[in-house]
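I am opening my notebook on a structure that is new to me. My entries follow in the order of my look-ups.

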Amino acid sequence: MEESNKNSSKSERLEVLKTYKMYIDGKFPRTESARYYQPMVNGLSLGNVCLASRKDVRNAVVAARSAQAAWARRTAYNRAQILYRIGEMLEGRSQQFLDELVRQGVDKETAEKQVAESIDRLIYYAGWCDKYQQLFSSVNPVASSHFNFSTLEPVGVVFTVASRTCPLLGLVSLIAPVIASGNTCVVLASETCPLSAITFAEVLATSDVPGGVVNILTGRIEELTEHFSRHLDVNAIACDRLDSEVNTKIKEFAAENIKRVKTYHQDWSTDAAASPYFIQDFCEVKTTWHPIEQITESGASY
Amino acid sequence: MTRKNSKWDLSPAPEGTGHISLKEHYGVFINGEFQTPDHGNRFQSINPATGEVLAEITESSSQEVEQAVAAARAAYDGEWSKMGGRERGKYLYRLARMVQERSREFAVIESLDGGKPIRESRDVDVPLAAAHLFYYAGWADKLNYAFPNRIPRAIGVAGQVIPWNFPLLMAAWKIAPALATGNTVVLKPAETTSLTALKLAELIQEAGFPPGVVNIVTGHGDVGAAIVNHEDVDKVAFTGSTEVGKLIQKSIAGTNKRCTLELGGKAANIVFDDAAIDQAVEGIVNGIYFNQGHVCCAGSRLFVQESIHDELIEKLKHRMGTLIVGDPLDKNTDVGAINSQQQLSTIEQYIEVGKQEGAEFYQTDCDLPSDGFWCRPTLFTDVAQSNRIAQEEIFGPVLAVQTFRTVAEVIKKANNTPYGLSAGVWTDKGSKIFNMTSQMKAGVVWANTYNLFDPTSPFGGFKESGFGREGGLHGLSAYLDF
């Protein structure tokens, strides 16, 4: 850069800094609280990042709830294509994610791997959208004249506390399985490395993901724990290895409306960090009984 | 002639009690033996239909819980977790067979102790309990086929707390999958209905299970809490009220215990104008008056499409008038005794609340026995969505009726509850059935039927009705680590 500037006859160009905002209901608002924090990496500030408030959590949950039924009603094929599309968009912007990971203190080689793996993970879960149902559903041979079957349905709105240390791959690895089945989510980005999450929101915004399906907040877990884990319109919480005190607090508050809490201690770079069981973790089993008329004892014959 | 208030003139047909054997006092079942603790604390288990004392039950102390968990741990670390699945399964098969062999005894004791009609304990509770044991017995050596690309392994010691509405059946629902997957068990039956669980312990002993694989401690809520919070319990399974479920979820928040909760419900039973009305009436009756309404998945909110409301309610009242309320041991009885004085008071309070809130009250005028705890089949019409009887679980024979005009309206009303255990839909139109069943936020949905259960059929709730499933392949994962 410096070299090329020297050679150029033009005056040095001033870099345009990016404003990191949150992502709620398909839009990029600043926090309603107008507060900010400055995550530091190696003594350098990453910039002014929104410090989400209780009201932001509530707004995001409202957006997620409003979007949920329509997202779940989409065909599995359509959700698959949209997840694939997220992967496509991420691929096209991989350089930006690479640069940002490095800025957030990830070494270049690891960053390259993580960006590639994040793209592949989206493609992986895109493929599951129209397959997990067949894997986890059942027709149950009840001892009466009924057609009885169990299928999976999305649990609803999932609050997702993303990995602190794996800002892109950890984020993608939880969002993808959560939304694959028709859930919507509110994600709290890594407090120390929030840039990847915000830039990922830009990918989502250009990937045919309906507004409100994924909402991304930045801020402090300690400040927001009570607000999301007591929120009565959140059905489930996905946590990535928080310290045990915060975890306990989340689980205690979650009991107020029997939220399902899943805590992961995954190294997201391994193969074991991706499976349809992550989709199943945020689904409910619904069993349906339907009578079968018995007119004749002879049964069908060929 | 109107048969509305006429009595079916049936001779009494009581099931005999001569062939059952009950001890005067039951100790706790720990490490394969019945033990009577030195502290001597006991409480009485009564017949809710007569008030007569059936037996004295041990009020366990923390000492017995301690011993039971230690026995379960020793059994887990010892023989049970190392035993092959095929052998484990054979123990469960044996137990299932023994329950079948002694089904009459179990049915009579269940009706004596809990107040439910013998027709239900004989035809539902006991056969389903045996079927559940038989079903999971077969899974024990097939677990590797159940979870593709995963290696299942047992969790350890399961602490299980069960309710009083289906005492033996709930014990089987808890014990069967736990043992099939290689865990060991500490189970606490509800204080008003401990007897069939203790009789089951006798069978477990007789079947020759290794000591400590199943341990049964009796007592009140604090005993259940001691089990749930015991640090050497790895897995908690609870069936009961949402209120207690929340306490449990909170109390184990700081641990790594696995947990499944099967909690309360306030199910919507929805009847469209194109339904077969007489069948729907049968389903409504079965939905709310089965087991005196002591059913977490009871169809306690009836939604009737406006155009058939009057006709349906008239038929329903007529059908209610034919229900025989009385001696649980009589084979003609449809509605038995309320399980306890405490539960009767709760139900009566809700009936008062319903009247005060302005809903229209209707009750059949059948005679009730002079002793024991009884409630006539009860109906409230003109119920508002905001009424407490439409929102809170009553756990008694009280039906709250609302009306609706459109599909969209009834979906909204039916789902507008923190609960999500079950739902019912009555219509002649297939596509409407599947629209409704897919829109209901409930774990079990019955279409043109109600209150059916099967060991192969996963059961459990959405939302505040709990999490995890019991029954079927899906019921296995609650007892496995991967």
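Is helix 4 of chain B largely enclosed by the rest of the structure or open, and how many of its 22 residues are buried? I counted 18 of the 22 as buried, so helix 4 of chain B is largely enclosed by the rest of the structure. Buried means 20 or more other C-beta atoms within 10 Å of a residue's own, exposed means 12 or fewer, and partly exposed lies in between, with C-beta atoms placed from the backbone.

**Ground rules.** I noted that this is a predicted model, where local features need pLDDT of at least 70, side-chain atom pairs count only at pLDDT 80 or more, and totals for chains, interfaces and linings use all residues. Residues are numbered from 1 along each chain as its sequence is written, while chains are lettered from A and ligands numbered from 1 in the order in which they are written. Helices (H or I, at least four residues) and strands (E, at least two) are DSSP runs, numbered from the N terminus.

**Helix 4, chain B.** I checked its length next. Residues 118-139 should span 32 Å at 1.5 Å a residue, and the end C-alpha atoms are 31 Å apart, which agrees. The expected span is 1.5 Å times one less than the number of residues.

**Domains of chain B.** I found domain 1 (25-263 + 462-481) and domain 2 (268-447); such bounds come from an automatic or database domain assignment. Their C-alpha centres lie 30 Å apart. The contact takes 20 residues from domain 1 and 27 residues from domain 2. Contact means C-beta atoms, placed from the backbone, within 7 Å. On the domain 1 side, helix 3 (103-114) and helix 4 each give two or more residues.

**Chain B against chain A.** I looked up the interface: 34 residues of chain B are in contact with 26 residues of chain A. Helix 8 (242-251), helix 14 (430-439), strand 18 (444-447) and strand 19 (466-467) of chain B each supply at least two residues to it. Strand 18 of chain B also runs parallel to strand 12 (residues 283-291) of chain A, joined by 3 bridges. Pairing requires at least two DSSP bridges. Thr288(A) stands opposite Val445(B) there.

**Helix 10, chain A.** I listed the buried residues of helix 10 (residues 244-254): Ile250(A), Lys251(A), Phe253(A) and Ala254(A). They cover an arc of only 165° around the axis, which puts them on the same side. The arc is taken from the directions from the helix axis to the C-beta atoms. On the other side, Ser244(A) and Glu245(A) are exposed. The buried residues pack against helix 9 (221-229), strand 10 (236-240) and strand 11 (260-264) of chain A.

Methods:
Two residues are in contact if their C-beta atoms, placed from the backbone, lie within 7 Å.
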